[in-house]
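Subject: Structure for you to look at

Hello,

Here is the structure I promised to pass on.

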Amino acid sequence: MDWAEDSEPQLLTSGARIMSANKGWWVPPEGEDSVSEKFLRKTRESPLVPVGVGGCLAVAAYRIYRLKARGSTKMSIHLIHTRVAAQACAVGAVMLGAVYTMYRDYIKRTAQDAGEK
């Protein structure tokens, strides 16, 4: 039998199905989340990750927009400043997450324990 005549999807070693002759797209394996479901689940688990990514993208977009107005600054210096600002957003989001986690785990829990006694 020719591959083009085969209507059943073939399996890869990872378990993902590839295109079949009658379908023109990739079919995700059963039991796995789609990309949007996985993104929403990860966002619920750690909500500051999208904030950090969004901040990095916002800084990069702003610095690209301001690229023509950089004056006599060299391009390499402009790119270094863009990178540093984007990293500051990401590190700031991580720090906010760490502070919130410490607050939730230590201060809030200590207050609840003191209220129970």
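Which side chain meets that of Glu45 in a salt bridge? The partner is Arg41, at 3.7 Å from N to O. I call a pair a salt bridge when a side-chain nitrogen of Lys or Arg is within 4 Å of a carboxyl oxygen of Asp or Glu.

Before going on, a word on the source: this is a predicted model, where local features need pLDDT of at least 70 and side-chain atom pairs count only at pLDDT 80 or more, while totals for chains, interfaces and linings use all residues. Residues are numbered from 1 along each chain as its sequence is written, and side-chain values use heavy atoms, with hydrogens and water left out.

**Salt bridges**

Side chains of opposite charge can pair when their charged atoms come close. Two salt bridges are counted by the rule above. Glu45 and Arg41 sit four residues apart in helix α1 (residues 35–45), about one turn of the helix. Helices here are DSSP runs (H or I, at least four residues), numbered from the N terminus. Glu45 is exposed, at 55% relative accessibility, whereas Arg41 is partly exposed, at 31%. For these words, buried is under 20% relative accessible area, exposed is over 50%, and partly exposed is in between (1.4 Å probe, protein chains only).

The other bridge joins the side chains of Asp105 and Arg104, at 3.4 Å from N to O. Asp105 counts as partly exposed because its relative accessibility is 24%, and Arg104 is partly exposed too, at 38%.

**Two helices side by side**

The axes of helix α2 (residues 48–65) and α3 come within 8 Å and cross at roughly 160°. Axes are lines fitted to C-alpha atoms over the stretch in contact, with angles from 0 to 180 degrees between N-to-C directions. The two helices are therefore roughly antiparallel, a term for angles over 145 degrees. On the α2 side, the contact residues include Gly52, Gly55 and Cys56, and on the α3 side they include Ala85, Ala86 and Cys89. Contact means heavy atoms within 4.5 Å.

**A residue in that contact**

Thr82 lies in helix α3 (residues 75–116) and is among the residues that make the contact with α2. Is Thr82 buried or exposed? Thr82 counts as buried because its relative accessibility is 12%.

Best wishes

Conventions: Angles under 35 degrees count as roughly parallel, over 145 as roughly antiparallel, 65 to 115 as roughly perpendicular and the rest as oblique.
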